[in-house]
Amino acid sequence: MAVFMACGHRKSGDLQVFYYNEARGIATLDPAFAKSQSVMWPIHQIFNTLVVLDSNLNVQPSLALSWDISQDNLTYTFHLRQDVYFQDDPAFAGGKGRKMTASDVAYSLNRITDSKTASTGAWIFNGRIAAGGFKAINDSTFELKLIRPFHPILNILSMDYTSIVAPEAVEKYGKDFGRHPCGTGPFQLQYWDEGQNLVLRKNPAYWEKDSAGKKLPYLDAVSIGFNSNKATEFLKFRQHKLSFINDIDPSFKDEVISKSGALRAKWQGVIHMQKHPYLNVEYLGILMDPENPLVKNSPLKDKRIRQAIAYSIPKKQLMMYLRNSIGLPATGGFVPAGMPSKNAQRVKGFRYDPEKSLTLLKEAGYPGGKGLPTVILSTAPENADIASFIARQAESVGIRIQVEVSQKSMILQQTAKSEAVFFIGTWIADYPDPENYMAVFNSKNPAPPNYTRFNDKTFDKLYNASLLENNDSIRYSLYRKMDQLVMDETPVIPVYYDEVIWLTQPELHGFKPNALNMVQLKHAYFVNPKN
């Protein structure tokens, strides 16, 4: 067992070790259960997928060198790399990892859909893959068949759920595979002391090289601690005992980050801060089902009232005072910043315009809000401050909003059962394609994801057309048209597009945030680390 000292990054023998803390603990290292960020981060280091996403969320080759799509958009043929080997493991004869083949890909994806696995990721293929749709044509060719065209399937194949596992290891360890993972990734499990420490070490047989031909990864090891106290985590980071932290404890936020979202002067050069768009939109949702008695009796059934609320919110001010400008005011569509379709920039949403609010109220028959019934806004405790801010701003134009705070589980239950007319919602991408956001408004979808029960024939027509379109430029145009229609009808009012915030040690290089908030360590390295 390798032992790493607790401070600095240069260890005995000049080993380069990356340290981070996982406050929520790690439940498993089995990709079939890669449901949460805490699990996905280490799994992402141990395994590979057929394809990956670049910093702009474009699909790029990984284990698959290339792929062909049939003319009917139903068959995807992947041509695999021939220089990929599984990590050494006792599951293999002689403990030596073997070459990966297309049969391993078919096994791994079939395993997700197998009810015996009970994978939390089984839904990603539900209603999409044809019977026998995962097939090894030969050692280097894998074929996937769809029931109907679904362009985002390539994005889904970049998800950690679809990581390629070693069948021998799954069979040997059974339900304990999550504690004995074996993949083809840049790091492999070295040591795991439950609740104390988890160590990954460099995979010496890793197949990938950098642009100069040097083998990846650069790091020798990754050490993960499990301190549940976020304040202690920040203090350890300040003591150089952690290489990075994701976000910052609220008690330190104002000390470190200004209201404008910049690193305060005293911290500049001491630590580095990186921000990046995150595929998460926070929004106000409005129930739209005209047959629901709650909707029939709500003033929000009038689009002008919904839009009057939208124009009453000074989102830039909200972001500055409540979030230290971490995130972007949502003045575009429902699809957040960071998506290649650029809905956030090119769809016309709602900017702060209280005069417009007053005009709309007057047109709706409520001049200055006179006679307008009070509207109830349902929210979970973590968004209570945002709800109160919105209520105060709406009241300034004559719209009275009563904030009701319930536990998050209750809000989810109410929205799923159409019992909340007006609510604060969050939509984090399940997979990085704008379709995942537009599916929220597809009339054929229940709640979730269609919590607002939005139903529009024109929208559905555009949505179905986007599923058949392989040309990204045309597809993105369809997404923007859909998003604009949603903004015009206003079943949702986007409040802000979230951002990833990473604090890192100055000596850390090759480590960049991304729109999925995924930790990728194969290019990370330290220059002149402090001891």
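**Aromatic pairs**

I began with the rings and found 31 aromatic pairs in the structure. I looked at one of them, Phe-18 with Phe-244, which is tilted, with 5.9 Å centre to centre and 40° between the planes. Phe-18 belongs to strand β1 (residues 17-21) and Phe-244 to strand β11 (residues 244-246), so this pair ties together parts that are 226 residues apart in sequence. My rule for pairing was that rings of Phe, Tyr and Trp (its six-membered ring) have centres within 6.5 Å; planes under 30 degrees apart are stacked, over 60 edge-to-face, and the rest tilted. Helices (H or I, at least four residues) and strands (E, at least two) are DSSP runs, numbered from the N terminus.

I noted that this is a predicted model, where local features need pLDDT of at least 70, side-chain atom pairs count only at pLDDT 80 or more, and totals for chains, interfaces and linings use all residues. Residues are numbered from 1 along each chain as its sequence is written, and side-chain values use heavy atoms, with hydrogens and water left out.

Are Phe-18 and Phe-244 buried or exposed? Phe-18 is buried at a relative accessible area of 0%, and Phe-244 is buried at 2%. Buried means under 20% relative accessible area, exposed over 50%, and partly exposed in between (1.4 Å probe, protein chains only).

I also traced a cluster linked by ring pairs; its members are Tyr-283, Phe-334, Phe-423, Tyr-437, Phe-441, Phe-454, Phe-459 and Tyr-463.

**Strand β16**

Next I checked strand β16 (residues 422-428). Of its 7 residues, 5 are buried, so the strand is largely enclosed by the rest of the structure. β16 pairs with strand β12 (residues 272-286) in the antiparallel sense, over 7 bridges. I used pairing for two strands with at least two DSSP bridges between them. Phe-422 in β16 is the bridge partner of Ile-286.

**Thr-162**

Where is Thr-162 found? I located Thr-162 in the loop between α3 (153-156) and α4 (167-173). Thr-162 is buried, with a relative accessible area of 2%. Its side chain reaches the backbone oxygen of Met-159 at 2.8 Å. A polar atom of that side chain also lies 3.0 Å from the backbone oxygen of Leu-157. I counted polar contacts as pairs of N or O atoms within 3.5 Å; within protein, one must be able to donate a hydrogen and the other to accept it, and residues adjacent in sequence count only if both atoms are side-chain atoms. Leaving out residues up to four places away in sequence, Thr-162 touches residues including Thr-49, Leu-109, Ile-112 and Phe-125. Contact means heavy atoms within 4.5 Å.

I then followed an open sheet of 4 strands, ordered β1-β10-β9-β8, with mixed pairing. β1 and β8 (187-193) stand at the edges with a single partner strand each, so one side of each lacks a neighbour in the sheet. Strands β9 (residues 197-202) and β10 (residues 221-225) run antiparallel and are joined by 5 bridges. Leu-200 stands opposite Val-222 in β10.

Another open sheet of 4 strands runs in the order β4-β5-β7-β6, with antiparallel pairing. Its edges are β4 (64-69) and β6 (129-138), each with a single partner strand, so one side of each is left without a neighbour in the sheet. β6 and strand β7 (residues 141-146) run antiparallel and share 5 bridges. I recorded Glu-143 in β7 as the bridge partner of Lys-135.
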